[in-house]
Amino acid sequence: MKMTYTEDQIIDVAKKLIAAFPSKIVCFHGPMGAGKTTLIKAIVKELGVVGDASSPTFGIVNEYQDENEHILAYHFDFYRLNDENEAYDLGIEDYFNSDAWIFMEWAEKVSNILPEDATEITISIVDKMTRALVLPG
């Protein structure tokens, strides 16, 4: 799947992606400022997360719950990770084995430990307002 979009179209993009994801483990690739966090925020909102989603850059992982306080998703930002051992220290394998959605920014920093069925999304900047997205398959 390939598409271009602007921020005012992001809810529709999130709905299309949720329907197209072959896995609940999703890796987001793209340069700083490409809109990875913005897209993840839209996706978790569409999944039914209560409250506002934010970037876990400093805390590495955010947990999102539904209205019944069940864990619905985890959002990782590995930008500040020094090596994959830090992901193991976080218990990444336990997260992968949960039934929750897993959204990861900068997943290339933990590429050797990603599950084989992880979905890869690449976002690129077309211009100040427009992004291009590629979801293989």
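Tyr5, Thr6, Glu7, Ile10, Ala34, Gly35, Thr38, Lys128, Met129 and Arg131 line the largest pocket of this predicted model, where lining residues have an atom within 4 Å of a pocket point. Residues are numbered from 1 along each chain as its sequence is written. Because the model is predicted, local features need pLDDT of at least 70, side-chain atom pairs count only at pLDDT 80 or more, and totals for chains, interfaces and linings use all residues, while side-chain values use heavy atoms, without hydrogens and water.

**Pocket**
- The lining divides into four nonpolar, three polar and three charged residues, with Gly counted as polar and Tyr as nonpolar.

**Helix pair**
- The axes of α1 (residues 10–20) and α2 (residues 36–47) come within 9 Å and cross at roughly 70 degrees, which makes α1 roughly perpendicular to α2 (a term for 65 to 115 degrees).
- Contact, meaning heavy atoms within 4.5 Å, joins residues including Ile10, Val13 and Leu17 of α1 to a set in α2 that includes Thr38, Ala42 and Glu46.
- The residues of this contact divide into 10 nonpolar, one polar and two charged.

How values were computed
On a 1 Å grid over the protein atoms alone, a cavity is a set of points where a 1.4 Å probe fits but cannot get out, and a pocket is an open set with protein on both sides within 12 Å along at least five of seven lines; lining residues have an atom within 4 Å of a point. Axes are lines fitted to C-alpha atoms, for helices over the stretch in contact, and angles run from 0 to 180 degrees between N-to-C directions. Helices (H or I, at least four residues) and strands (E, at least two) are DSSP runs, numbered from the N terminus. Angles under 35 degrees count as roughly parallel, over 145 as roughly antiparallel, 65 to 115 as roughly perpendicular and the rest as oblique.
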